[in-house]
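Colleague: I have a few questions on this model. Please show it before we start.

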Amino acid sequence: MAEKVSFPGFIDVHVHFRDPGMPDVETTSSGLAASARGGFAAVVTMPNTTPACDSREIMEYQRRSSSGPVLLFPSACLTKGRRGEELVEFEPLAEAGAAFFTDDGSYLKDDKLMERAMFNVARLGLCVADHALDHTLVRNGVIRDCPLARTKFLPIISAKAEIDAIKRDISICRVTGCKLHIQHISTAEGVWLVRDAQREGLPVTAEATPHHLLFACDELTSDDANYKMAPPLGNCEDRYELRKAVKEGALMFATDHAPHPASKKCNGFVESANGITGLEIAVASTYSVMVLDEGMPIENWAKAWWELPRQVLSPIALAEFDKSRGTTEVLIGQRSKYNLDSSLSLSRNCPYDSMEFDGWPVPTV
Ligand SMILES: [Zn+2]
């Protein structure tokens, strides 16, 4: 018999609903249905929609489109159109309830512009989240160095692309005092940089995704784009350091749920898009890996889903969340398989079909 355990509502601070832009790939309502099945009480949507979420109008549209038991907090762009050229107007977006600011999917390469952005956001008391992956170092890379990359001659992404970006961001955090959140961290050295910054007392947080905690590029056996994401899967050492940091309370969880049509994920690593869906398996997969395999105390595991994510939310989003008093219930002590066919997401780019986990959430109502 499974035992039901209750926690404060879990928050996923990193989801992509393709709304506005690609309603056949994910709408706000299908994304929120998958979030509810995944046991979440709230999610933060990324601004790389079409058009990008760089205005009050788009944010208000996203809020209006949301209904049901899971709260939706939009994040807003750092730069207009996420083009990395001109900063957004932070104040009206903050007043309209932006959870935080990010150009997720793109790295803001211009150091001076990033510094100005973080000065502005610090004044508002909000957080800047960064997709810390320097595209000038990624070039045409699609995977980290690993046996599969070598046998298939796949172009390689150096860990340096993430490490240098995190170093740059932390140095600007030190100057501006702005809260900094490193999204989907994937390298051992990146984790050490974040730990050092936290020990220094800087306001730095970071998130680990289920896929970076479960998989390692060393273990890939086929050119299957359901294992292609940005940042790419790390190697076994990276995964070890990520799990260790989660256990020590240094990283929160987030899914980076990224739906794509089948046509964009069927052509191997070189041609396919980055990202996978993951809202429905996130709670069970992280429970199975971190609590059952790694021996993390269940309360601490849960905190990486509810307490740590609070640090990156704006005061407006937090106040609304606290008013809702959401809870997350998890059934432990019984393993079962994930059936991708039954997914409430509109997309199927997901490597977890038929994988068996314990710790399935009770859908949010
Ligand atoms: Zn990203």
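The questions below cover the metal site, an aromatic pair and the core.

Modeller: First, the basis: this is a predicted model, where local features need pLDDT of at least 70, side-chain atom pairs count only at pLDDT 80 or more, and totals for chains, interfaces and linings use all residues. Residues are numbered from 1 along each chain as its sequence is written, and side-chain values use heavy atoms, with hydrogens and water left out.

Colleague: Which residues are the protein donors of the zinc ion?

Modeller: Donors are N, O and S atoms within 2.8 Å of the metal (3.2 Å for Na, K and Ca); water is not among the atoms, so sites may look incomplete. The donor atoms here lie 2.0 to 2.2 Å from the zinc ion. They belong to D104 (OD), H131 (ND1) and H184 (NE2).

Colleague: Why is the pair of Y287 and W301 edge-to-face?

Modeller: Rings of Phe, Tyr and Trp (its six-membered ring) pair if their centres lie within 6.5 Å; planes under 30 degrees apart count as stacked, over 60 as edge-to-face and the rest as tilted. The centres of Y287 and W301 are 5.3 Å apart. The pair is edge-to-face because its planes stand at 75 degrees.

Colleague: Is W301 buried or exposed?

Modeller: Buried means under 20% relative accessible area, exposed over 50%, partly exposed in between (1.4 Å probe, protein chains only). W301 has 0% relative accessibility, so W301 counts as buried.

Colleague: How many residues has the largest nonpolar core?

Modeller: Such a core is a set of buried Ala, Val, Leu, Ile, Met, Phe, Trp, Tyr and Cys residues joined through side-chain atoms within 4.5 Å. Those with the most contacts inside the largest one include F10, I185 and W301. Its size is 122 residues.
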